[in-house]
Amino acid sequence: MTGKEEHDHKIKILNELVQLSHFLGNSSYQFTILGEGNSSAKIINKRESKTFLVKASGTCLATIKKEEFVYLELNTIMKLLSEENPSENTIQKIFKEALIDPDQTLRPSVETLLHAVCLDIDGVNFVGHTHPISVNILVCSKSFPENLKRRIYPDEIVVLGTESIFIPYVDPGVKLAQKIKNSLDDFIEKNLQPPKVLYLQNHGLIALGSSAEEVKNITLTANKAAWIRIGASGLGGIHPLTHKDVINLAYRPDEKYRQQFLLGRKMK
Ligand SMILES: [Zn+2]
């Protein structure tokens, strides 16, 4: 990749990330309000090292501008994973060390390590973290995580995969990211592929996408599936599909074909 190609690639990803953030922050969807939620995208540069853009702390998804994303070295941020209980000073020192533009004055989101952990996975190129009202009703209920387990209708399988990850409540920040890293490693070891969604108890949702389009589709589907589960809970209870139905649907060639469009890999 030449310097110009690298620059053009970064601008393309940044534009997609801004668009995705405005979508996730759009008040009509009720995924986030005020400064809630955060978004990020991976950029591979010519040294083949991983870098990423993450929302700056204190900014708002609905109105975020290009210059309100912080550009960071992924491996430097990952150093925080091995810190047992890092002080605010240590966190800020590592954030500063990871800055690609040392003149950047905005601080990256407090959830920066969480984004680095997710983007470090092959095939995960965009991450969207939101607090949808529908999902938060379920993750803040006593029936969590049972109310989000299994799959209840075909598109939930096509877009969200056959299984999700459930994270018990942990304070947002480094501790939450460390917990998520362990759960992701276990999930990938068992399923040989990363999950599409993580549900965080008393907190919200994380969507992992190969494209910005996929993060949108995952968040929309998780929101819809959550409303259906809330409705079904009051009408005799949620009726999940059987494991056999889920596996049949997940591997049907016509559904696999349709999935390519939802991943944003084929033109509609
Ligand atoms: Zn959050």
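Biologist: Where does L192 lie?
Modeller: Bear in mind that this is a predicted model, where local features need pLDDT of at least 70, side-chain atom pairs count only at pLDDT 80 or more, and totals for chains, interfaces and linings use all residues. Residues are numbered from 1 along each chain as its sequence is written. Helices (H or I, at least four residues) and strands (E, at least two) are DSSP runs, numbered from the N terminus. On that count, L192 sits in the loop between helix 7 (174-191) and strand 6 (197-200).

Biologist: Is L192 buried or exposed?
Modeller: Buried takes 20 or more other C-beta atoms within 10 Å of the residue's own, exposed 12 or fewer, and partly exposed is in between, with C-beta atoms placed from the backbone. L192 has 7 C-beta neighbours inside 10 Å, so call it exposed.

Biologist: And what is the phi of L192?
Modeller: Most residues other than glycine have a negative phi. L192 isn't a glycine, yet its phi is positive, at about 60°.

Biologist: Which loop holds L34?
Modeller: L34 also has a positive phi without being a glycine, near 50°. With 9 C-beta neighbours inside 10 Å, L34 counts as exposed. Its loop is the one between helix 1 and strand 1.

Biologist: Which residues does the cis peptide bond join?
Modeller: Most peptide bonds are trans. Here's one with omega about 0°. P145 is in the loop between helix 5 (133-139) and helix 6 (154-160), and the cis bond joins F144 and P145.

Biologist: What do the buried residues of helix 1 pack against?
Modeller: Those buried residues include I13, L17 and F23. Contact here means C-beta atoms, placed from the backbone, within 7 Å. The partners are strand 1 (38-44), strand 2 (50-55), strand 3 (69-73), strand 4 (126-130) and helix 8 (212-233).

Biologist: Which residues have the most contacts inside the largest nonpolar core?
Modeller: A nonpolar core is a set of buried Ala, Val, Leu, Ile, Met, Phe, Trp, Tyr and Cys residues joined through C-beta atoms within 7 Å. The largest has 57 residues. I206, for instance, touches C118, V127, H129, V197, L198 and L200, leaving out residues up to four places away in sequence. Top of the contact list are V127, I206 and A207.

Methods
Contact = placed C-beta atoms within 7 Å.
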